[in-house]
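I set out to record what can be looked up about the contacts between the parts of this assembly. The entries below follow the order in which I examined them.

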Amino acid sequence: MKNLLKFEFHKLFRQKSFYVCAGIMAAFSILSIILIELVVKTTPDMSNLIDTPRSVWDIMLGTLNNANFVLIAGIFVAIFVCDDFSSGTIKNIYSRGFSKTKVFFAKLIVALTAVLIMYFANLIISIIMGLILFGTHLFHAKYIGLLFAQLALIIGYSTFAFSVSMIFKKIGPVIAITILVPMVIGLFLSLFDVALGLESLKAADFWLEGMAARLSTVATLPLQIILSAIGSLIYAAIFAVIGWYSNKKLENY
Amino acid sequence: MSYFIETNDLVKQFSTKTAVNNVNIHVNKGDIYGLIGRNGAGKTTLLKLLLGLLEPTSGDIDLFATEKLAARKRIGSLIEEPGLYKNVTAYENMKRFSILYGADVNDINTILEKVSLLNEDRPVREFSLGMKQRLGLAIALINKPEVIILDEPINGLDPAGIRDFRNIIQKLNKEGVTFIISSHLLDELAKIVTSYGILSDGRLLEEFTSTELRTRCTDYGKIITNDNALALALIKQNFPDVKAKQSGKHVEISEGLESLGDINKLLVKNNLTVTELTKCTQSVEEYFLGRLGK
Ligand SMILES: Nc1ncnc2c1ncn2[C@@H]1O[C@H](COP(=O)(O)OP(=O)(O)O)[C@@H](O)[C@H]1O
Ligand SMILES: [Mg+2]
């Protein structure tokens, strides 16, 4: 397992897409922070729609949505994982006595670490931007909870992208599934909520997309934050088990 | 007798196709074992089973009586197209797999030199087929494996490339490395093989050593007359111990060659015009073609 981890980390830090995806996220983050500021400044009516006054802490929470973070993280995970399958190098791994289980978890650990590194890099950029534009006022302990819940959500999402990659192995289908399936599920759950006239307890709130929306605003209740965090980790565990089991059974490489 | 590598009634069933059907191969330490068979015979599937790239449907594999995952750490391989990271150099490819296999990165250049890829700084995507194949072999050589499994390694190489490949294999074999190499029958690697396994439609037809092969390349008789059908009938009638059959434009005698002279007399006595009557020795190629059928 040690060699597998060393190998995967070595590849990660020499993979262009890692830096490219991180750069794209950073660009998105900076642009959307500036954009929202411009909108608020030039169109006073808009300020009703966006929580004001704002502080660096709100900007920090925005990292998740502003940068289309999960989307780009999903694409990165797909590129990172599918590489060994499309180049055939997976044969050089499995054939030298590394079990599918160990390969799966080494790749998962490194993919998640990569995504978390990207997230922290973005967080730092957002915080710097926030400090420049706003102050450190209006701090609330909830922000810390929200931050941890965001981390859990990112792990849930990335594990989904990871398992899809380990099951389908081809970059095209994997990216399509990673982007579309969560959206489609979110859409169906919303339709379901509307059809049943659900208001307080919505099914869509229990899906990753709904959680992501909630975890970007400080208005979210503490209980919802905790439930979202736990829910995300449960999703991560379920996706990991499905991915691990399918990958073990499949011989599509 | 226990073998270095053997399989026991190994079966691999894909949805409708039994690609490997009750195969028992026996490889001795130090062998260059040639797995010979036409396209689709099941060579790649069998090698992938040995390497754990596919799970057997039934049957077992014994790799030097060692636990399989541990044993496979001592096996290098090159299956179908070499698995290479295309956007980085040969050295970086070697470095990645050296890290993975727990090998000394200081050995990389020694191996690259063996396959004539030292100081090759281009990314692998710009390599020729032969260079990729050699880099694939270099990766198989990382961490001094005791066994190297190669799947049709010289497919698409030019004669010089083939010669280089053969020399590397022979040199390593002298140093004690056991090889299992698949090839479709008549390629240039068959020349250095010490043991053969003949695979046809998923079944192992037979195994023999290169020494045995020479004795199996049997002598046979070839007779051409103006009426081969009549000749065959006469032979069968008068020489019950002789094995004869119509084969293309001639009658072929596979057993009882000592009677060729008497057969000649018989045919002439029956007013047949014997245009050819010869004793031939089968070539290795003919032997394989005969065994593989079709
Ligand atoms: N993954 C697979 N799924 C279904 N059939 C397969 C698969 N791999 C190989 N086969 C079939 O098994 C047979 C043996 O294939 P293979 O081992 O590649 O033969 P060879 O390497 O001798 O050319 C072929 O008929 C092939 O079509
Ligand atoms: Mg093949």
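**Entry 1: the interface between the chains**

I began with the two chains and found 34 residues of chain B in contact with 23 residues of chain A. I note here that the model is a predicted one. The size of an interface is often given as the accessible area lost when the parts come together, and I therefore looked up that value next. Chain B and chain A bury about 2,400 Å² between them; carbon and sulfur atoms give 53% of this area. I then asked which residues of chain B lose the most area to chain A. They are Leu53(B), Tyr85(B) and Leu100(B), which together make up 28% of what the chain B side buries.

**Entry 2: the domains of chain B**

I turned to the domain assignment of chain B, which gives domain 1 as residues 5-215 and domain 2 as residues 218-292. Between the C-alpha centres of these two domains of chain B I read a distance of 42 Å. For the contacts, I recorded 12 residues of domain 1 of chain B against eight residues of domain 2 of chain B. The two domains of chain B bury about 1,000 Å² between them, and carbon and sulfur atoms give 72% of that area.

I next examined individual polar atoms facing ligand 1. A polar backbone atom of Lys43(B) is 2.9 Å from an oxygen atom of ligand 1. The side chain of Thr44(B) places a polar atom 2.6 Å from an oxygen atom of the ligand. For Thr45(B), an N or O atom of the side chain is 2.5 Å from an oxygen atom of ligand 1.

Methods:
Residues are numbered from 1 along each chain as its sequence is written. Chains are lettered from A and ligands numbered from 1 in the order in which they are written. This is a predicted model: local features need pLDDT of at least 70, side-chain atom pairs count only at pLDDT 80 or more; totals for chains, interfaces and linings use all residues. Side-chain values use heavy atoms; hydrogens and water are left out. A polar contact is a pair of N or O atoms within 3.5 Å; within protein, one must be able to donate a hydrogen and the other to accept it, and residues adjacent in sequence count only if both atoms are side-chain atoms. Domain bounds come from an automatic or database domain assignment. Contact means heavy atoms within 4.5 Å. Buried area is the accessible area (1.4 Å probe) that two parts lose on being put together, summed over both.
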